[in-house]
Amino acid sequence: MKILVWDLPTRLFHWLLAASFAVAYLSAEEANWLAVHVFAGYLMLGLLGFRLVWGFVGGRYARFSSFHFSLREGLGYLKQVFAGTAQRHLGHNPAGSWAVYLLLGLALLAGLSGLVTLAGQEGQGPLAEWVPYGSAKAFKEVHEALVNAMLAMVILHLAGVALESWRHRENLARAMLTGSKEGTPEAAASAKRSFSALLLLAAVAAGGLWYFGSAAVAAREQAAGYKIMRSIDPRETPLRITETPYWKGKHRPIAASVWRSAKVGTRANCVACHQNAEQGIFVASAIPREVAARVSLR
Ligand code: HEC
């Protein structure tokens, strides 16, 4: 008969985590989508916080105690999978357990390194006061490496799910959607605490939204002047804005020929590209499309 294996909070967590990772990944390259990227990151961290708690108080198969296997068991299971002798597990199998722990760990590290990068590069988020601009680049590389490692794990996880589904003739992806699998009644998980867990999950999402919203409207963090000022080494006092690390960093991709062109002439001619420079608006999205195309950034 069909019995409940993955309780509702675990399933919601699973698909929300997958969605937020996908959104964060796809919005990473485009400067104008930074807000989307950052929100997806906050959501991911919030979800992970929930999963840590749920791992101790959650449903039968969601609890960490139901799937702690040694590395040897994990690798041994993997070998059996390839040999076609692996036993079916109702909850996470030994290899799948390792995938879960690695995915959770990598997601956490990716999220945290994202917060550090955000603080260093944009001067935003809870760590803004602590991360100097100069270190942002190094953190960004760490962040990207962690994300790539996570992407590799996601692909392995998908391959594992496909292989196990095929070997045991059961659709594991659908089981994560519906929550139910074929099993005996006494093996079923109870849905008892689902309601309080859903409240917790909603609180996490609401908290993330609220925090993100309040950070997004903090005018100080939006102002170009603030970003430029905090990029300056306190031991130096550049005379020109065009000598500050932040300005240089933002304009490095622009070719020398663009600066020399008749329309620009000098680096100080901010209005040539930033139409609304006089109102103090320098965001990349306020640069006219044809100018952006001409400076060949995208
Ligand atoms: C040749 C065109 C050009 C000129 C001239 C120019 N900029 Fe820019 N600036 C750009 C482009 C293009 C970007 C977007 C880079 C990106 O996509 O992140 C940018 C980005 C910026 C940003 C970062 C905006 C953000 O939030 O990402 C600031 C601040 C800025 N410029 C200030 C200035 C100032 C101040 C001047 C004059 C001293 C100036 N720029 C002159 C083309 C120009």
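Colleague: Which residues does UniProt list for the cytochrome b561 bacterial/Ni-hydrogenase domain?

Modeller: The record, an unreviewed entry, gives residues 5-179. Keep in mind that we're looking at a predicted model. In it, that span is 71% helix and 0% strand, and its end C-alpha atoms lie 6 Å apart.

Colleague: How do I read the iron site? Which protein atoms are donors to the iron atom of the ligand?

Modeller: A donor is an N, O or S atom within 2.8 Å of the metal. Here the protein supplies NE2 of H251 and NE2 of H274, lying 1.9 Å from the iron. The two histidines are 23 residues apart and link distant parts of the chain: H251 belongs to helix α10 (residues 245-251), while H274 sits in the loop between α11 (256-260) and α12 (289-294).

Colleague: Why is the arrangement around the iron called octahedral?

Modeller: Look at the angles: the six donor atoms subtend 88 to 179° around the iron, so the arrangement is octahedral.

Colleague: Are H251 and H274 buried or exposed?

Modeller: Both are buried, and that word stands for under 20% relative accessible area.

Colleague: And the domains? What does the assignment give, and where are the bounds?

Modeller: Domain 1 covers 2-217 and domain 2 covers 224-294. Their C-alpha centres lie 39 Å apart. For the interface, check contacts and then area: 11 residues of domain 1 touch 11 of domain 2, and about 770 Å² is buried between them, with carbon and sulfur atoms giving 41%.

Colleague: Which three residues supply 64% of the area that domain 1 buries against domain 2?

Modeller: N32, E122 and Y133, more than any other three residues.

Note on methods
Residues are numbered from 1 along each chain as its sequence is written. This is a predicted model: local features need pLDDT of at least 70, side-chain atom pairs count only at pLDDT 80 or more; totals for chains, interfaces and linings use all residues. Side-chain values use heavy atoms; hydrogens and water are left out. UniProt positions are given in the numbering used here, feature names are shortened, and annotations may be inferred rather than shown by experiment. Helices (H or I, at least four residues) and strands (E, at least two) are DSSP runs, numbered from the N terminus. Donors are N, O and S atoms within 2.8 Å of the metal (3.2 Å for Na, K and Ca); water is not among the atoms, so sites may look incomplete. Four donors count as tetrahedral if all angles lie between 85 and 135 degrees; four count as square planar and six as octahedral if opposite donors are over 155 degrees apart and all others between 65 and 115; anything else is irregular. Buried means under 20% relative accessible area, exposed over 50%, partly exposed in between (1.4 Å probe, protein chains only). Domain bounds come from an automatic or database domain assignment. Contact means heavy atoms within 4.5 Å. Buried area is the accessible area (1.4 Å probe) that two parts lose on being put together, summed over both.
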